[in-house]
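Subject: Model for your files, with notes

Hello,

Here is the structure for you to take over. My notes follow below it.

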Amino acid sequence: MTHAVDRASWPRREIFEFFSPMSQPFFSVTFKQDVTALLRFARENRLSFYHCLVYLSTQAANRVKAFRYALRGEELVLFDRRNPSFTDLKPGAETFHIVTLPMEEDIRTFCAAAKAKSAAQTTFLAQWDGLDLIYFTCLPWVELTALTNERNFDPGDAVPRIAWGRYAREGERMVIHISMELNHRFVDGLHVGRFHQELSALIEAL
């Protein structure tokens, strides 16, 4: 569900207008994330670490209101929630496909649905109507330190893009680098920090 937002009274109006004339209002940031508890949880429950992190990252983003703003034409809207759209690779395949599905309330339900949909999908991309997405990708072969995404260059593009690579050991902890590409018209570094806090809390609560 979406809600129209009165741009004139929107607290972010001046910042939005400052970045609006820019042809490239996007910024990228990468930060280190402790995933020790998540890796243990995924292994104990025989779940995909990747699908678990997609689920928790979507939850974390939805808890930070700034990530749910978008433009629908010229109208400013706020989504109740965003849903995940992620790259996936079938066993033995060398070409990826993109899986998009609704955000489930339970991590195990989501992981089961993601696994089933990915396995059954026969096309590169399944149709999804709406702008309420978060784009995810993963490079599990390398320790990712930064990433940019391909795009049709639309300054109004508000879809968050989130990526990570291979996790690595640091002492007794397992860490991963999470890269985010965001539109500065809607999101600031403060919101990245809140996303990181929410994701960390969700992981530790597993």
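Accessible areas here come from the Shrake-Rupley method with a 1.4 Å probe, and for residues only the protein chains shown count as cover. On that basis the accessible surface of the protein chain is about 10,800 Å², and carbon and sulfur atoms hold 52% of it.

This is a predicted model, in which local features need pLDDT of at least 70 and side-chain atom pairs count only at pLDDT 80 or more, while totals for chains, interfaces and linings use all residues. Residues are numbered from 1 along each chain as its sequence is written, and side-chain values use heavy atoms, with hydrogens and water left out.

Overall form

The protein chain has five helices and 10 strands (DSSP runs numbered from the N terminus: helices are H or I with at least four residues, strands are E with at least two). Its radius of gyration is 17 Å, close to the 17 Å that the globule rule gives for 206 residues, so the chain is as compact as a globular protein of that length. That radius is taken over C-alpha atoms, and the rule is 2.2 Å times the number of residues to the power 0.38. Along the principal axes, the C-alpha atoms fill a box of roughly 50 × 40 × 30 Å.

Of the 206 residues, 49% are buried (buried is under 20% relative accessible area, exposed over 50%, partly exposed in between, with a 1.4 Å probe and protein chains only). Taking contacts (heavy atoms within 4.5 Å) between residues at least 6 apart in sequence, 72% join residues at least 24 apart.

Strand β7

Strand β7 covers residues 133-139, and five of its seven residues are buried. Pairing of two strands requires at least two bridges found by DSSP. β7 runs parallel to strand β5 (residues 83-88), with four bridges between them, and also pairs in the parallel sense with strand β8 (residues 161-165), over five bridges. Tyr135 of β7 stands opposite Ser85, and its bridge partner in β8 is Arg161.

The loop between β7 and β8 holds Trp141. Trp141 is exposed, at 58% relative accessible area. Beyond its neighbours within four places in sequence, Trp141 is in contact with Leu89 and Arg166. Its C-alpha lies 9.5 Å from that of Tyr167, 26 residues away in sequence.

Helix α2 (residues 36-44) has Thr36, Ala37, Leu38, Leu39, Phe41 and Ala42 as its buried residues. They pack against β2 (26-34), α3 (49-63), α4 (107-120), β10 (173-183) and α5 (189-204).

Arg46 is in the loop between α2 and α3. Most residues other than glycine have a negative phi. Arg46 is not a glycine, yet its phi is positive, at about 55°. Arg46 counts as exposed, at 80% relative accessibility.

Gln121

Is Gln121 buried or exposed? At 7% relative accessibility, Gln121 is buried. Gln121 sits in the loop between α4 and β7. Not counting residues up to four places away in sequence, Gln121 touches Lys90, His97, Ile98, Val99 and Ala126.

Regards
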